[in-house]
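Hi,

Here is the structure I said I'd pass along.

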Amino acid sequence: MSKPTVMVIDDEKIVGDMSKYHLEAAGFEVETFIDPAKALERFKEKHFDVVVTDLKMKNIDGMEVLKVVKQASPRTQVIMITAFAHLNTAIEALRGQVFDFFPKPFKIKDFVASVSRALESVPPAA
């Protein structure tokens with residue numbers, strides 16, 4: 001059986017590296033990207049069960065990533081992380097079908113648990 005796939009997009013390399021380390025230890029197959037444009041190109045080539053994206057990035061922000069991912073693959077769950085957490089941003093993200101929303105810094109245990117819950121909540125294929 002193949003491992004669940006997770007894409008992590010964050011312009012801070014250390015966030016991607018930390019996420020990859022802990023998510024792979026939890027049994028996930030993880031690809032990380034610091035450039036959201038390259039991440040979205042990869043998303044066109046490969047299915048990911050969960051996409052974790054930073055909200056504030058240069059050129060393409062997390063809300064645009066959310067929109068593109070949900071249009072291409074409605075079953076893929078999206079988790080948003082941000083150092084700029086505001087209530088209005090969280091509400092906008094949740095309306096855009098974000099599975100979860102994490103302000104940075106976050107506890108890695110809670111983050112990994114959220115990715116696991118996201119996988120469990122993937123709607124069945126039509």
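Below is what turned up, starting with the sheet and moving on to the helices.

A caution before the details: this is a predicted model, with local features needing pLDDT of at least 70 and side-chain atom pairs counted only at pLDDT 80 or more, while totals for chains, interfaces and linings use all residues. Numbering starts from 1 along each chain as its sequence is written, and side-chain values use heavy atoms, with hydrogens and water left out.

The sheet is open and has five strands in the order β2-β1-β3-β4-β5, with parallel pairing. (Strands, E, at least two residues, and helices, H or I, at least four, are DSSP runs numbered from the N terminus; two strands pair if DSSP finds at least two bridges between them.) Because β2 (29-33) and β5 (100-103) are the edge strands with a single partner each, one side of each has no neighbour in the sheet. From one strand to the next, the twist averages 15 degrees. (Axes are lines fitted to C-alpha atoms, for helices over the stretch in contact, and angles run from 0 to 180 degrees between N-to-C directions.)

Strand β1 (residues 5-9) is joined to the parallel β3 (residues 50-54) by four bridges, and Val8 sits opposite Val52 in β3.

Helix α1 (residues 13-25) packs on the sheet and touches β1, β2 and β4 (77-82), contact meaning heavy atoms within 4.5 Å. The direction of α1 makes about 180 degrees with that of β2.

α1 also packs with helix α5 (residues 108-120), at an angle of about 65 degrees and with the axes 10 Å apart. Met18, Ser19, His22 and Leu23 in α1 meet Ile108, Phe111, Val112 and Val115 in α5.
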